[in-house]
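I hope they are handy to have beside the viewer.

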Amino acid sequence: LSSHKKLWEHSTRTLVGMYGEESVVRDDRGASSEMRAYYSSLIQRSAQYNKYNGDGSVTLVALNELPGSKYDVDDSAGDTEVTFQLEDFSDSPPKIRERVEQLVKAKITITPVILKKIQIPIPTKFTSDQEKLRQWALVHTDDLISMSDGQIWLSEDKFMNGQRPALDAQQSITRVGIGADTDSYADAPAIREIVKGLRFEFNQAASLEGALNDNATVRQLRRFKAWLLAMHQSPGEIRDLAEECICMYAASIGMLDDVIAEGHEAGTNEGATLIQNLCVSVKKDIPEVLSEINSTQVLTDETKRKLENAIKGFFPIAVN
């Protein structure tokens, strides 16, 4: 969307030159309702399929990356020794002030590093240009999210902690079909059949961070990592629907749990090799079933049974 942003800025400067600064909203950095309408017209319906491709409209996939990082070594306030007082947050939202008050009560020295770790914005008067850009990018991201049919949120924290893919399931959502009178989905029926309850499992795993290392917790976190292994794709790797079903179904029936315990996790060469070999094996065993899944996008009881048998037939060889 960068080129469209340049067009917006150019047209805004032209309007200011013709009609004066009072004709546009001051210092809104593009977060006005006019800009929202402008972007909405771009992303809501970017294309239309013809009848030979199933009809229906296509929504643009917008990739948005936040500038900067809270893990950067340099300090956004420009001084690693600077400390903040409660009164420095007088212009901050109430929830931010409440969190700062808790830090003060706990007698924690409030520094830029501390604020970054707990994701509290640095007071505006201390904020560097880079941090201001990051904060405005967050505002614009919220605007894009509000206009879209859903979002996939990749977390910097999860990435730095080694999770691949760094998916934040709690902030990722689809609104396709919500409130609509007709059936409308963002995924194929075969995938919906396999991943029932997946969001719940991800949320449960997130709540177990720092929990006791008992058997139940270990099993649940292992299943969570199994799902990640099934979802992870290397750069440039493309899977068709049947291949997605192989990987996700293997995770759903617990066939990836044991290999996770052996170190075959998402993002490792061992994990990538195992998933690749699994797909090759299943393709060799039941090519006609996979062809049917790709053509119908449906997973019937019969195709599910054959898929499960083919997956289970691979693992005794792969694990030993």
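1. Let me begin with a charged pair: the side chains of E302 and R305 form a salt bridge, with an N to O distance of 2.5 Å. The two residues sit three positions apart in helix α14, so about one helical turn separates them. E302 is partly exposed at 39% relative accessible area, and R305 is likewise counted as partly exposed, at 42%. Please keep in mind throughout that this is a predicted model.

2. Now for the overall picture. The protein chain has 14 helices and four strands. Of its 320 residues, 32% are buried. Among contacts with a separation of 6 or more, 66% are between residues 24 or more positions apart. The chain exposes about 20,200 Å², and carbon and sulfur atoms supply 52% of that area.

3. Back to the charges. The structure holds 10 salt bridges. Side chains of opposite charge can pair when their charged atoms come close. One of these bridges joins E265 and K225, at 3.6 Å from N to O. E265 belongs to the loop between α11 and α12, while K225 is in helix α9, so this pair ties together parts that are 40 residues apart in sequence. Both ends are partly exposed: E265 has a relative accessible area of 28%, and K225 has 34%.

4. Another bridge links K196 to E193, with the closest N and O atoms 3.5 Å apart. Here K196 counts as exposed, at 61% relative accessibility, whereas E193 is partly exposed at 31%. Which residues are linked with this pair in a network of salt bridges? The network consists of E193, K196 and K304.

5. On to the interior. In soluble globular proteins, nonpolar side chains tend to be buried together. The largest nonpolar core in this model has 45 residues, and the members touching the most others are L256, V282, L307, I311 and F315. At least two core residues come from each of α7 (189-194), α8 (198-207), α9 (215-231), α10 (241-252), α11 (257-261), α12 (269-285), α13 (287-296) and α14 (301-319). Helix α10 gives the largest share, nine residues.

6. Which residues does V282 contact once its neighbours within four places in sequence are set aside? They are I246, P287, L290, L307, A310 and I311. Two of these partners, L307 and I311, are also on the list of core members that touch the most others.

7. How many disulfides does the structure hold? The count is zero. The sulfur of C247 has its closest cysteine sulfur in C279, 3.8 Å away, which is too far for a bond. For C245, the closest cysteine sulfur is the one in C247, at 9.4 Å, again too far for a bond. Both C245 and C247 count as buried, each with 0% relative accessibility.

8. At the surface, L15, M18 and Y19 make up a nonpolar patch with about 350 Å² of accessible area together. M18 is part of helix α1 (residues 2-19). With a relative accessible area of 55%, M18 is exposed.

9. Lastly, some backbone details to look at. The peptide bond between R164 and P165 is cis, with omega at about -10 degrees. P165 is placed in the loop between α6 (156-160) and β4 (173-174).

10. Positive phi values also turn up in residues other than glycine. K107 has a phi of about 60 degrees and sits in the loop between α3 (94-105) and α4 (112-117). K107 is exposed, with a relative accessible area of 76%. Phi of Q297 is near 60 degrees, and Q297 is in the loop between α13 and α14. At 39% relative accessibility, Q297 counts as partly exposed.

Note on methods
Residues numbered from 1 in each chain as written. Predicted model: local features only at pLDDT ≥ 70, side-chain atom pairs only at ≥ 80, totals over all residues. Heavy atoms only, no water. Patch = residues over 30% accessible without salt bridge, like charges linked within 9 Å, V, L, I, M, F, W, Y side chains within 5 Å. Areas by Shrake-Rupley, 256 points an atom, 1.4 Å probe, with all protein chains shown as cover. Salt bridge = Lys/Arg side-chain N within 4 Å of Asp/Glu carboxyl O. Buried < 20%, exposed > 50% of the residue type's maximum accessible area, 1.4 Å probe, protein only. Core = buried A, V, L, I, M, F, W, Y, C linked by side-chain atoms within 4.5 Å. Contact = heavy atoms within 4.5 Å. Disulfide = S-S within 2.5 Å.
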